[in-house]
Amino acid sequence: MLWGGGGGGTPAFYLNRSLKPLCRRRMQLAMLASVVAAVHMPVARTAAPIASTVGQNMMRFCYKEIEVITGEPTDGALVPAQAVTLHDITPAVNELVRDSGVTEGTVHCVSRHTTTALTINEMESRLQDDIRTWLLGLAPPDVRFPIPGWRHPEGATTPTYDHNDLHLRPASEEDRERINKNWMSQGKGTLEEFMAQEPINAHSHLLSILLGPCLSIPVTNGKLCIGQWQSLILIDCDGPRKRTVGAQVVGISAK
């Protein structure tokens, strides 16, 4: 029952088969908007679309994780060396949109790590060098722990970062519980083994915060709405590693 402005909350009309087609269509669109706003679905590792039909259009939700290797292995292993590298994920996101069948909607991307970020810009080689230099100038590495390709000014004594004082961590029971949840309880090793593999990467976390972990890109006519020189870029601030970007396309597709 819907209530109108007839004074005192008098019923305006009832939902029944006598509704005019225009009113019924407006109700369908309102219901669709509320479903889209409220949806919170567990993600899957496949790109198979989940679909529901409303009116003449099919609503689709399609998620996948994009894997990126951000450097070359050393002795067969990826050893984090706080390298700042840029990686074009546009082809993988285009593939997701194509496979989903969505023609009008949005792609949401999220970096799934605390030392990576996402941005949209030009993938030009010398510009990438400029971006690396600029980022390391914004959040320089710890002066106590030099990294390849970066030199502090002569005589510099800063910056230093508390996060890099591994001998003082974990600094609280909450920290210990987080490590237990993500390491010991998963059978990966002891607390001492976790700390032994922990990189010196406080500045990498700060760069991730500055740049941000998420992108949302409109899709129309089945294509990303980006400029001809724009690319979707994963920035690894603590590579080389195997990284993942979660990408979900949400929208409608004609039957």
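This is a predicted model: local features need pLDDT of at least 70, side-chain atom pairs count only at pLDDT 80 or more; totals for chains, interfaces and linings use all residues.
**Main core**

I started with the largest nonpolar core, which has 21 residues. I listed the members with the most contacts inside it: Ile89, Val93, Val107, Cys109 and Leu224. Next I asked which elements supply at least two residues each, and got β4 (57-69), α2 (90-100), β6 (104-111), β8 (214-220), β10 (231-239) and β11 (242-254). Helix α2 gives the most, with 4 residues.

**Second core**

There is also a separate core of 11 residues. I noted Ile131, Leu135, Ile235 and Cys237 among its members.

**Cys109**

Cys109 had come up in the main core, and I wanted to see what surrounds it. Is Cys109 buried or exposed? It is buried, because its relative accessible area is 3% and the cut-off for buried is under 20%. I then looked up its contacts, leaving out neighbours within four places in sequence. Cys109 touches Val93, Leu118, Pro213, Cys214, Leu215, Ile217, Val245, Gly246 and Ala247.

With Cys214 among the contacts of Cys109, I checked for disulfides and the count came to 0. The nearest cysteine sulfur to Cys109 is that of Cys214, 9.1 Å away; the cut-off is 2.5 Å. So Cys109 is in no disulfide.

**Aromatic pair**

How many aromatic pairs did I find? The count is 1. Trp183 and Phe194 have ring centres 5.4 Å apart and planes at 65°, so I logged the pair as edge-to-face; over 60 degrees is what that label takes. Trp183 sits in the loop between α4 (173-182) and α5 (191-197), while Phe194 is in helix α5, 11 residues apart. Both residues are buried.

**Strand β10**

Of its 9 residues, 9 are buried. Which strands did I find joined to β10? One is β5 (residues 83-88), antiparallel to it with 5 bridges. Another is β7 (residues 116-121), also antiparallel, with 6 bridges.

I picked Ile233 in β10 to follow across the bridges. Asp88 has Ile233 as its bridge partner, and Thr119 stands opposite Ile233 as well.

How values were computed:
Residues are numbered from 1 along each chain as its sequence is written. Side-chain values use heavy atoms; hydrogens and water are left out. A nonpolar core is a set of buried Ala, Val, Leu, Ile, Met, Phe, Trp, Tyr and Cys residues joined through side-chain atoms within 4.5 Å. Buried means under 20% relative accessible area, exposed over 50%, partly exposed in between (1.4 Å probe, protein chains only). Contact means heavy atoms within 4.5 Å. Rings of Phe, Tyr and Trp (its six-membered ring) pair if their centres lie within 6.5 Å; planes under 30 degrees apart count as stacked, over 60 as edge-to-face and the rest as tilted. Two strands pair if DSSP finds at least two bridges between them.
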